[in-house]
Amino acid sequence: MPIRFKCPNCQKGLVVKDELAGKKVKCPACKGPVTIPAPIAPPADLEDFAAAALASDGAAAKKEAAPEKPKEAQPIKFTCDFCGEVVEAPAAEAGKRIPCPNRECRQIIKVPLLKEEKPKDWRDVQKAAGPSFAKRDEPAKPLGTWDDSRGKVSQESLEEAGVVLEEQEPVTVGQRVRFWGMLASAGAVAFVIYLGLSAYFSQSAQKKALDKALTYVEPKSKEEGPKTRLSTPLAAEVYRAVGEFHVQARQAEPAREAFVKARAQFAQAKVDGVLSPAERDLFLIDLAVSQVDLGGTEDEARDKARLEWDQVQGGGNLALKPKYAAREIDATLQQINSPEARALAMRAVAAKLFRRDKKDLAIGLANSLANVNAAGGGAAFDAQFLPLAQVVSLLVAAGQAAEAAKRIDPPTDQAKGVHWAARLAYAEGHALQGNFDQALKEAQRKGLPRDRLLASLAVAAVALDQKKVDEARANAEHALAAEKEMTKKGKAKTSGLPSVLLQHLARVAVRAGLVDKARELADAIPDRPCRARAQLEFLLIELAKRRETGTTAEPKLVDEFVKDKETLAYGLGHEAVARHNSRLGAKGESLDTVETLEERFRPLVYAGVALGIQDTRK
């Protein structure tokens with residue numbers, strides 16, 4: 001019967017034939033040495049044992065007297081050298097060659113001769129040549145045979161003959177579940193460790209880049225600071241970018257403090273008189289839009305991730321402690337000089353507030369800017385009506401038509417002369433509601449090309465904000481056509497509108513897909529900072545295309561679009577390129593080339609790297 005036992009090394013169950021008892025083999029599982037144990041004899045039959053003990057003496061004597069069978073008549077038992085089969089042959093076949101009875105083998109084997117049993121004589125032992133422990137030359141064994149001289153069996157022969165078999169233990173459902181559960185847990189742990197390490201190194205690179213940018217505006221020593229003083233716009237942008245970083249990191253107070261410092265840069269610049277008014281207003285528009293993200297829910301305010309909305313909305317005394325410096329956005333809007341720029345800022349801020357369902361806050365901000373009430377009709381252009389038009393457009397968008405009519409009467413089909421502010425207000429209000437057909441109708445009523453331009457431009461800007469590209473393109477084309485009409489009448493390169501409005505028109509046109517017309521308009525803008533800002537929009541569109549294809553950008557790309565290095569737009573271009581590359585995981589490219597730039601633009605590159613790394617976590 002087969003011998004069943006377990007490997008003492010790996011506890012794997014094994015099954016072998018009983019004739020291999022005492023042999024040494026290698027475990028098929030762990031390859032460790034194993035001695036096959038002797039088979040366990042079945043328990044003795046007690047009744048047979050008692051019967052044998054009480055047997056008669058005569059029977060025992062007869063048994064002892066029985067003649068022993070001659071050894072010559074006993075069969076010869078031996079093992080086949082090829083398959084290990086135990087063969088039994090008649091004594092008469094001794095020394096002859098016979099086929100192996102195993103059907104699977106059938107090799108010709110030789111029957112061994114009978115050995116004569118006699119006492120061993122020490123004189124007959126063959127003496128070996130050489131010293132006692134010298135190695136003896138032994139006859140070579142046929143390939144695949146067993147080495148019985150050392151009590152071992154060839155492992156290859158055992159496996160070929162199928163003698164040593166691995167006992168297959170059935171795997172239960174519970175064992176499978178535990179195995180896959182452990183495997184999944186190990187994978188999850190490895191993934192968490194990977195994310196943790198990635199976040200750690202990412203945060204480290206982010207912090208280094210942000211600290212490096214701050215050294216240009218807040219150096220801890222003379223050696224650490226820049227060799228040349230940053231211009232007011234560049235220093236202000238460093239603080240604005242740091243504030244945006246803290247907003248995204250859900251750190252409300254550091255963000256607000258950075259925004260306050262950004263705004264304070266222009267308060268000083270107003271004294272020394274070295275700053276372009278248009279560039280100042282364009283930056284304050286960006287700052288006001290960034291400040292909208294300071295506001296949050298009560299839970300976010302409690303966790304200090306955001307501020308409460310009444311601290312963000314408007315007004316406030318900046319001389320108080322930052323904790324009580326409320327109404328940040330209004331403080332920024334009030335510093336914008338031109339009514340046109342203030343209206344553009346209010347439009348951008350209101351669009352963000354509407355997306356966050358803060359319509360009342362948007363109307364409150366617009367009211368704080370509207371210091372003049374409309375009186376009577378007429379078509380005379382007075383920029384002071386722009387804030388009032390913003391209030392009315394927001395009231396229309398919020399569904400408060402009656403309240404809007406108290407401020408400015410809505411245009412009617414019978415009206416012969418439509419006030420430009422009413423046209424603008426109701427066209428923009430319908431666009432904010434998503435009713436672009438009515439908005440286009442209001443914008444394109446008969447009237448002066450300037451009036452149609454302002455209304456169509458407002459509708460196109462709202463359409464872009466709502467990702468309505470077709471509506472944006474249609475209204476932008478109407479606005480560009482009106483600008484061309486004004487240019488022909490004045491026989492000048494541009495319509496004579498403020499450069500801030502022309503820059504905004506070029507920005508809307510290029511984002512609506514009217515690239516060639518927008519470039520022609522941008523290059524003709526008389527004010528340098530506004531012209532550079534318009535050119536910057538083409539760089540941003542190029543970076544957006546590269547982001548879709550996962551292509552990085554070299555710093556020299558900025559020079560292809562922004563021509564004037566003495567403007568903030570040129571620095572913003574390098575910030576945008578660094579942010580783009582870092583977002584794609586190539587922050588090293590920007591950091592490797594930062595030393596090749598003029599020192600005044602380097603802090604914006606560092607800020608762009610920090611913001612780009614942060615963008616990947618959104």
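Trainee: Over residues 314-326, where does the pLDDT stay, and how many contacts does the model have there beyond four places in sequence?
Mentor: This is a predicted model. The pLDDT stays under 50 over residues 314-326, and the model has 26 contacts for them beyond four places in sequence.

Trainee: What is the mean pLDDT of the protein?
Mentor: The mean is 79, and 74% of the residues reach 70 or more.

Trainee: Where is confidence lowest, and where highest?
Mentor: Helix α2 (residues 57-65) has the lowest confidence, with a mean of 46. Helix α19 (residues 499-511) has the highest, at 96. Residues 194-202 have pLDDT below 50, and that stretch has three contacts beyond near neighbours in sequence.

Trainee: Now helices. At what angle do α13 and α15 pack?
Mentor: Helix α13 (residues 385-397) packs on helix α15 (residues 420-433) at about 35°, and their axes are 7 Å apart. The crossing is right-handed.

Trainee: Which residues meet there?
Mentor: Among them are F385, L386 and V392 in α13, and W420, L424 and Y426 in α15. By class, that contact has 13 nonpolar, five polar and one charged residues.

Trainee: And how do α5 and α25 cross?
Mentor: The axes of α5 (residues 232-248) and α25 (residues 602-615) come within 10 Å and cross at roughly 15°. Therefore α5 is roughly parallel to α25. α5 passes α25 in a left-handed crossing.

Trainee: What classes of residue make up that contact?
Mentor: The contact of α5 with α25 has nine nonpolar, two polar and three charged residues. The residues include L234, E237 and F245 of α5, and P603, L611 and D615 of α25.

Note on methods:
Residues are numbered from 1 along each chain as its sequence is written. This is a predicted model: local features need pLDDT of at least 70, side-chain atom pairs count only at pLDDT 80 or more; totals for chains, interfaces and linings use all residues. Side-chain values use heavy atoms; hydrogens and water are left out. Axes are lines fitted to C-alpha atoms, for helices over the stretch in contact, and angles run from 0 to 180 degrees between N-to-C directions. Helices (H or I, at least four residues) and strands (E, at least two) are DSSP runs, numbered from the N terminus. A crossing is left-handed if the near helix is turned anticlockwise from the far one by less than a right angle, and right-handed if clockwise. Contact means heavy atoms within 4.5 Å. Ala, Val, Leu, Ile, Met, Phe, Trp, Tyr, Cys and Pro count as nonpolar, Asp, Glu, Lys and Arg as charged, and the others, Gly among them, as polar. pLDDT is the predictor's confidence in each residue, from 0 to 100. Angles under 35 degrees count as roughly parallel, over 145 as roughly antiparallel, 65 to 115 as roughly perpendicular and the rest as oblique.
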